[in-house]
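The following paragraphs lead through a structure step by step. Please keep the sequence and the model in view while reading.

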Amino acid sequence: MSTELQNMPVPLAPSARTLAFASLAALAAAVALLLIAVLPAEYGVDPLGTGKALGLLALSRAGHLDPVPPPEGTALVPVHEGNVALYPGEYKVDSRVFVLGPYEFVEFKYHLGKDAVMLFSWSANGDVLQDFHGDPDGADASATQSYDKQPRRKSDGMFTAPFSGIHGWYWENPGGDTVTVKVTTTGFYTKAHQFTMRSTREERHVRGIDAIPVSDK
Amino acid sequence: MRKREFILGLVVIMAAIGGRMLAHEHFRVIGTITKLDKKQFEVKDKTGKLWTVYLDKKTKVSRDKQPVAVTTLKIGQSVVVDAYGDDESDLLALDIRIVPPIAATPK
């Protein structure tokens with residue numbers, strides 16, 4: 001038994017030179033990995049261009065994306081990105097009550113850019129003649145386009161402006177009793193205009209989204 | 001050359017006249033007839049304001065959606081007048097509806 005142990009070959013210990021060479025090789029491999037992969041992927045530092053070539057730079061951006069700016073411009077016209085329509089500004093809100101005496105009328109319109117959207121709800125507590133219509137910017141009265149003239153006491157819906165201009169309603173009280181019309185809208189309009197029986201056109205203030213109460217429930 | 005200038009001038013004049021006609025605004029006056037003659041009538045609205053409106057051959061008068069003669073108009077009738085004009089003092093009646101007496105609106 002002891003004779004067998006004595007006959008077994010004894011493994012040779014690596015020399016100091018071999019150890020040093022192996023250590024240097026490992027260090028070089030680690031530095032190479034750091035420069036090729038770790039720095040580009042973790043910190044976006046790409047001294048050798050390997051991060052860009054291997055697509056590793058995107059990994060470094062994943063943690064802190066640069067925000068995409070909103071569409072540019074002052075006109076509230078939508079920029080479509082797939083199923084999303086983005087606007088260069090916030091939408092507005094508005095709510096009005098019109099008391100129409102016997103045979104009186106009022107016209108109320110919002111300025112929307114082409115393809116801009118408005119949601120609306122209006123109702124009357126009596127019969128009214130109504131005409132939802134629009135006038136293109138800079139055109140005369142002959143260019144007026146009617147969207148809905150059917151007799152209604154109530155209407156809720158969404159409207160997409162077919163052209164840049166003022167779009168809204170004409171409400172007329174056809175009878176001898178007073179009628180009240182209430183309208184509420186929200187949309188990407190910039191201004192509102194009220195037209196009266198005295199042939200006046202008055203600009204009306206519309207509110208920004210800060211006017212919407214914040215819910216705490 | 002003179003003919004061309006003449007035509008150009010004529011076009012400018014017609015455009016100016018046409019523009020003025022198109023510039024007329026629409027007014028609605030609702031109230032009671034207080035004065036009346038063949039050429040014009042006066043309407044007092046609910047605020048007490050008096051409106052003078054001119055009549056011409058194209059003025060249409062109706063009652064219960066049926067056309068009636070201009071001579072049907074009488075002092076004291078309630079009317080809804082659609083008129084055109086440059087301003088409140090220069091109104092021409094296009095359409096006059098005789099309506100049932102309008103109850104006074106409480107102020």
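A nonpolar core is a set of buried Ala, Val, Leu, Ile, Met, Phe, Trp, Tyr and Cys residues joined through C-beta atoms within 7 Å. A residue counts as buried if 20 or more other C-beta atoms lie within 10 Å of its own, as exposed if 12 or fewer do, and as partly exposed in between, with C-beta atoms placed from the backbone. The model is predicted: local features need pLDDT of at least 70 and side-chain atom pairs count only at pLDDT 80 or more, while totals for chains, interfaces and linings use all residues. Residues are numbered from 1 along each chain as its sequence is written, and chains are lettered from A and ligands numbered from 1 in the order in which they are written.

The largest nonpolar core has 41 residues, and A:Val181, B:Val53 and B:Val81 have the most contacts inside it. In soluble globular proteins, nonpolar side chains tend to be buried together. Which residues does B:Val81 contact, leaving aside its neighbours within four places in sequence? They are B:Arg28, B:Val29, B:Val43, B:Val53, B:Ala93 and B:Ile96; two residues are in contact if their C-beta atoms, placed from the backbone, lie within 7 Å.

Chain A is divided into domain 1 (15-61) and domain 2 (79-209), with bounds that come from an automatic or database domain assignment. The centres of these domains of chain A, taken over C-alpha atoms, are separated by 65 Å.

Helices (H or I, at least four residues) and strands (E, at least two) are DSSP runs, numbered from the N terminus, and two strands pair if DSSP finds at least two bridges between them. One open sheet of chain A has 6 strands in the order 7-6-9-4-11-12, with antiparallel pairing. Strand 7 (145-148) and strand 12 (201-204) of chain A each have a single partner strand, so one side of each is left without a neighbour in the sheet. From one strand to the next, the twist averages 25°, where axes are lines fitted to C-alpha atoms, for helices over the stretch in contact, and angles run from 0 to 180 degrees between N-to-C directions. Within this sheet, strand 4 (residues 105-112) and strand 11 (residues 189-195) of chain A are antiparallel and joined by 5 bridges. A:Glu107 has A:Phe195 in strand 11 as its bridge partner.

Another open sheet of chain A has 5 strands, ordered 8-5-10-3-13, with antiparallel pairing. Its edges are strand 8 (154-160) and strand 13 (207-208) of chain A, each with a single partner strand. Strand 5 (residues 117-124) of chain A pairs over 7 bridges with strand 10 (residues 179-187) of chain A.

Chain B has 1 helix and 7 strands, running α-β-β-β-β-β-β-β from the N terminus on. Of its 107 residues, 14% are buried. Strand 4 (residues 60-63) and strand 7 (residues 91-99) of chain B run parallel and are joined by 4 bridges; B:Ile96 in strand 7 is the bridge partner of B:Val61. Strand 4 of chain B also pairs in the antiparallel sense with strand 5 (residues 66-68) of chain B, over 3 bridges. The hairpin of these two strands of chain B has 2 residues between the strands, and B:Asp64 takes a positive phi near 50° there.

Finally, 12 residues of chain B are in contact with 10 residues of chain A. On the chain B side, strand 1 (residues 25-36) gives the most, with 5 residues.
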